[in-house]
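Here is a short report on one protein chain. It covers the fold, a disulfide, a surface patch and some backbone details.

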Amino acid sequence: MDLRDFYLFAALIACLRLDSAIAQELIYTIREELPENVPIGNIPKDLNISHINAATGTSASLVYRLVSKAGDAPLVKVSSSTGEIFTTSNRIDREKLCAGASYAEENECFFELEVVILPNDFFRLIKIKIIVKDTNDNAPMFPSPVINISIPENTLINSRFPIPSATDPDTGFNGVQHYELLNGQSVFGLDIVETPEGEKWPQLIVQQNLDREQKDTYVMKIKVEDGGTPQKSSTAILQVTVSDVNDNRPVFKEGQVEVHVPENAPVGTSVIQLHATDADIGSNAEIRYIFGAQVAPATKRLFALNNTTGLITVQRSLDREETAIHKVTVLASDGSSTPARATVTINVTDVNDNPPNIDLRYIISPINGTVYLSEKDPVNTKIALITVSDKDTDVNGKVICFIEREVPFHLKAVYDNQYLLETSSLLDYEGTKEFSFKIVASDSGKPSLNQTALVRVKLEDENDNPPIFNQPVIELSVSENNRRGLYLTTISATDEDSGKNADIVYQLGPNASFFDLDRKTGVLTASRVFDREEQERFIFTVTARDNGTPPLQSQAAVIVTVLDENDNSPKFTHNHFQFFVSENLPKYSTVGVITVTDADAGENKAVTLSILNDNENFVLDPYSGVIKSNVSFDREQQSSYTFDVKATDGGQPSRSSTAKVTINVMDVNDNSPVVISPPSNTSFKLVPLSAIPGSVVAEVFAVDIDTGMNAELKYTIVSGNNKGLFRIDPVTGNITLEEKPTPPDVGLHRLVVNISDLGYPKSLHTLVLVFLYVNDTAGNASYIYDLIRRTMETPLDRNIGDSSQPYQNEDYLTIMIAVVAGAMVVIVVIFVTVLVRCRHASRFKAAQRSKQGAEWMSPNQENKQNKKKKRKKRKSPKSSLLNFVTIEESKPDDAVHEPINGTISLPAELEEQSIGRFDWGPAPPTTFKPNSPDLAKHYKSASPQPAFHLKPDTPVSVKKHHVIQELPLDNTFVGGCDTLSKRSSTSSDHFSASECSSQGGFKTKGPLHTRQVNEHFYWSISTAYKCPVNQY
């Protein structure tokens, strides 16, 4: 047969759907005896199953799996990827598959199988019914190769005698279809009788009269054929024996009898009593009962036939489930050739003698009878297909199925007798690692019979639990200066998983370079020596990772605190502390703070300070480090103090260190300049008329026992130089000629020179009188000293030329009085002189007001117009600042010194301007030699004038460590840079704005203004600094 012909036998029948989401049914029809790998069907195509995931639109990999019992030889196979069904090498034999039953053409021989579609998200149960069609693979056969028949010799023509029929396992046309008598010798013929069941029984027909004496035996052949293609047949020898005459044959009362017997009928139970009669008498009437040749041997084993009485009894236990109906042919023979025939149908009735059968076929293949599931498998994971059956019928065959106890599994019915065993909840390996439970099948008989099937399920651990540390935060402490490899602790984590999923390795996180961690044991050791002073605390993480796939991990924080040891001595911030304090600082004042640190902690860093070798000049607070003086400072007596300080910590044993401390006593401007030259206020210098400009005509020199800026001196002419004839160097104190003297300049000139230091916060100053006598000679010194004496009565702020007596021409008048005896001449000369002086004074004041100047008048105003051009060459101030200066005596603060207060008033023209603000406080006492006259007592002002003070508007920074004690200042000019500023580089006007000197100062820009408050005069200065400025 061609392979293509077999394909034509496979037919797809309708799919019976119970639940399209769970179970579907396919029916295929095939021929038996198909070779291997013949396609039967295609499941996804026949059920229109799509491999596209509707949710994601991606192709899904479906798996088709045949559900079969372990050890079964499957008749078909299913491709796991395509779902195609093929035959296997196992032969599909319809006669073997459906043995034990008689199948007519309309009865089907089939077998069933189940296919599941995986994975679980696409699960379907496909029930496949494969109907096996018969092929003519068996020849019909007679019960015996030799058939003996006895026929009486007086048998009438056309009499019929039954011949044992042949049997064929095939069905339909492939079964017995035709009998043929071979070599019948025209004596016998053959006829076929068809029963209602479709069986064909052959009968031998007597066609001629028989004569035993002529021939008593006939040997023929009988042939039987089926209707298959190709046709199959077989033959048997038919031997007919002609017997003596027996007129009557036995007759059964009933030819067809049907009885029922329960399958649990005991052995010996009577089934039926057959009864046949014979009209003959004697030996010819003796009837003997036997089973016909058609009775199956199995039936003969179950039932016994009494040859004499015809009673059929049970001789073995019956089993309805094995054979429910037995057809028995019984022959009754009286010894003649033609026995009587009766057919007995024995129906074995059901008794609930069979427990239900559980057919457990695993979807997930078991290993040694145990199903292994992963704990990550989802709910409703299919484990097995369970088919329950019961050989009993009716109520006895109705079976229910359930699980014996509470487990996370359940049975889901898919057909009347089939269930799916699946998970009912998520599985947890850590909760229960193994399940063993029974599936119970129970029928509905009375009493009910049960059957159980044991299911073993073991869970496979999934790496679903990360390692867990016993402590999420591990705190340790270790002393510094440890040894390398010091054991610290054992870090431990647990994992609820098993196997390699529970194998934990440990790993250090970042910032743990000082530590080593054993990956297997978790032992933490120190890899370096700790130094608490470098790092007191280490915070890092430890990771515990299992060996699962993928690995899971968790972390714990480790905090290692390094305990302090007294391994550090106290450390001073400086090896040598230098503090600067101002002199005159009160006793017990703070002079400095010692700063000491100790890198240790706790008691080890508690430092106590002490002075080692101070001689009790200072007191040191042992805890705060504050140094206080135990003496009053005087820089002029001792400018510095040096001692050692010791710092001791509180450790055991204690550590200590020392540092040197130097207290530098800073100078306070508490000493006024002391005039060295001129030696007294009554000395004078001769200035010849021949002196050239720039020549030194006098020298003023003073010293200040203070230091620094407090000792820097500045020389200024504050009065007596109204004509600008002289100039004083502000640094050296040398007085030089600005212009060549002229005859009008002849006479005594009194210069009031202010010597001020640049001290802070207020400068101190000293006034000195410098007398210059302009003349070619100084022949009469007594006269000059007399003039000097008389000038003492003139206030310092007034020019000596402003008095009613012209001291410059006093010598001329004396000579004239002595030589000329006439008063008229003297009067005329005096009159003319006074007249000229007054005229020039009026003219000079008017000119000065127009220029807003404040130049001082000189005694002689002659030749003023001649010198105007020369004076324009000099750098002159924009305005005069003083109309007059009055030096008055005030009550001394000290018994030794008598201060002189200077008072300055500004002209009205300058009152609207604002340059600076001065505070001309009490001046210090004059510091001439003891034989010099005290100027203070000669210059009391009739009316008190306000003093003026210099106070900068903008505060300036103070040098660090310089603490200056403010002392009351008497008779002191106070100012920044030049207290009474230089008029110009060639002018001695001490009120003009000036640049800062090399010692520091400021440059004033802006208008002047005046105001009077109590007894003080102020001017304000807006400054644009070109050099560092100290506040004075």
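Asn37 sits in the loop between strand 2 (23-31) and strand 3 (39-42). The model is a predicted one. Asn37 is not a glycine, yet its phi is positive, about 65°. Its relative accessibility is 40%, so Asn37 counts as partly exposed.

Asn158 is a further case: a residue other than glycine with a positive phi, near 70°. The loop between strand 9 (146-152) and strand 10 (160-162) holds Asn158. Asn158 is exposed, with a relative accessible area of 53%; the cut-off for exposed is over 50%. Why do these values deserve a look? Most residues other than glycine have a negative phi, and most peptide bonds are trans.

|---|---|---|
| Lys446 to Pro447, cis | near -5° | Pro447: between strand 31 (434-443) and strand 32 (450-460) |
| Thr549 to Pro550, cis | about -5° | Pro550: between strand 40 (537-546) and strand 41 (553-563) |

**Disulfide.** How many disulfides are there by the distance rule? The count is one. The bond joins Cys98 to Cys109, with an S to S distance of 1.5 Å. The cut-off for such a pair is 2.5 Å. Cys98 lies in the loop between helix 3 (94-97) and strand 7 (109-118), and Cys109 lies in strand 7, so the pair ties together parts that are 11 residues apart in sequence. The torsion about the S-S bond of Cys98 and Cys109 is about 90°, so the disulfide is right-handed.

Are these cysteines buried or exposed? Cys98 is buried, at 8% relative accessible area. Cys109 is buried too, at 1% relative accessibility. Cys401 also counts as buried, at 12%.

**Whole chain.** The protein chain has eight helices and 63 strands. Of its 1032 residues, 48% are buried. Among contacts with a separation of 6 or more, 69% come from residues 24 or more positions apart. The accessible surface of the chain is about 50,500 Å². Carbon and sulfur atoms account for 50% of that surface.

**Surface patch.** Which residues form a nonpolar patch on the surface? They are Met824, Ile827, Val828, Phe831, Val832 and Leu835. Together they have about 590 Å² of accessible area. Val828 belongs to helix 7 (residues 823-850). With a relative accessible area of 45%, Val828 is partly exposed.

Notes. Residues numbered from 1 in each chain as written. Predicted model: local features only at pLDDT ≥ 70, side-chain atom pairs only at ≥ 80, totals over all residues. Heavy atoms only, no water. Helix = DSSP H or I, 4+ residues; strand = E, 2+ residues; numbered from the N terminus. Buried < 20%, exposed > 50% of the residue type's maximum accessible area, 1.4 Å probe, protein only. Contact = heavy atoms within 4.5 Å. Areas by Shrake-Rupley, 256 points an atom, 1.4 Å probe, with all protein chains shown as cover. Patch = residues over 30% accessible without salt bridge, like charges linked within 9 Å, V, L, I, M, F, W, Y side chains within 5 Å. Salt bridge = Lys/Arg side-chain N within 4 Å of Asp/Glu carboxyl O.
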